[in-house]
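Colleague: I am new to this structure and would appreciate a short tour. Could we go through it together?

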Amino acid sequence: MIALGRLGLGTAPIGGLYEAVEDETAHAVVERAWALGLRYFDTAPLYGVGLAERRLGAGLRGKPREEFAVSTKVGRLLRPGASAWHGAPDLVDYFDFSHDAALRSLEESLERLGLDRVDVALVHDPDDHFDEALAGSFRALQRLRGEGVVSAIGVGANQPEVLCRFAREADPDCFLVAGRYTVLDRTAADELLPLCEEQGIAVIAGGVFNSGVLAGGDTFDYETAPPEVLARVRRLRETCARHGVPLPAAAVQFPQRHPAVATVIVGCSTAEEVAENVRLSTLEIPDALWDELA
């Protein structure tokens, strides 16, 4: 598995995940990430139905290609329609986990990114399409890895169960686990992370703020957080405060402590958010807090 650094940039927000983002703001996000030393960038056709890939590619244009790593995803293609993403083009995504669709998807991603290769290619959200994704998309990525077109392949998903199946039935280099190994939701620790550690599968931890509820928002899993989740977050915040630590700092650093986790990605919609997340990732946290959270 290629080195990705301990912190990377997720690009769903600059694709208009929660609100419309101007081109200049998106460019500033990528520039600030680069200036602060981030060299791993994760994107997907889904994010802004291609907008995030285009903006990331524009932001990386002129940067030394050997100095950064990009991951994108296959399993969704785009067609005309009314987009649900803020400020995005009139496109909608649809699932297609076939072999040929994966090749087409990656080719279209490279065109949007303005790159001749990506470093990591992931099958995106195959939870309800495991057999098709294994026989189609994943086999296509295996072929591309064998040809040296991509350096590493894997799967990105929110549910650990499907990732465990891929770990046992395929040969992934890495997984992107979104929102399931956080200071709030540790579902992936039960089975997935030990399995990855045993098999040498690198874990990319995403969604570390659980859609915003751990960063001061009220959204959990992309929906309004229920009262019981807000109550748990309040208790976590109080625990962190007793040790003089902001909860978002614990949220960023918690996944990094597991030996199976290779990197953490944070999504940012402004350059200021990038700077704050980098600061949180380097804030000193006492062992006593980790002991209490454990």
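Modeller: Helices here are DSSP runs of H or I with at least four residues, strands are E runs of at least two, and both are numbered from the N terminus. This is a predicted model, in which local features need pLDDT of at least 70 and side-chain atom pairs count only at pLDDT 80 or more, while totals for chains, interfaces and linings use all residues. Residues are numbered from 1 along each chain as its sequence is written, and side-chain values use heavy atoms, with hydrogens and water left out.

Colleague: Turning to the strands, in what order do the 8 strands close into a barrel?

Modeller: The order is 1-2-3-6-7-8-9-12, with parallel pairing; two strands pair if DSSP finds at least two bridges between them. Neighbouring strands of this sheet are turned by 25 degrees against each other on average, direction ignored. Axes are lines fitted to C-alpha atoms, for helices over the stretch in contact, and angles run from 0 to 180 degrees between N-to-C directions.

Colleague: How many bridges are there between strand 8 and strand 9?

Modeller: Strand 8 (residues 174–178) pairs with strand 9 (residues 202–206) over 5 bridges, in the parallel sense. For V177, the bridge partner in strand 9 is A205. Helix 5 packs on the sheet, where it touches strand 7 (152–157) and strand 8, and its direction makes about 175 degrees with that of strand 8.

Colleague: And how many salt bridges does the count come to?

Modeller: The count is 18, a salt bridge being a side-chain nitrogen of Lys or Arg within 4 Å of a carboxyl oxygen of Asp or Glu. One of them joins K73 and D42, with the closest N and O atoms 2.8 Å apart. Because K73 lies in strand 3 (residues 69–74) and D42 in strand 2 (residues 40–42), this pair ties together parts that are 31 residues apart in sequence.

Colleague: Are K73 and D42 buried or exposed?

Modeller: Both K73 and D42 are buried.

Terms used. Buried means under 20% relative accessible area, exposed over 50%, partly exposed in between (1.4 Å probe, protein chains only). Contact means heavy atoms within 4.5 Å.
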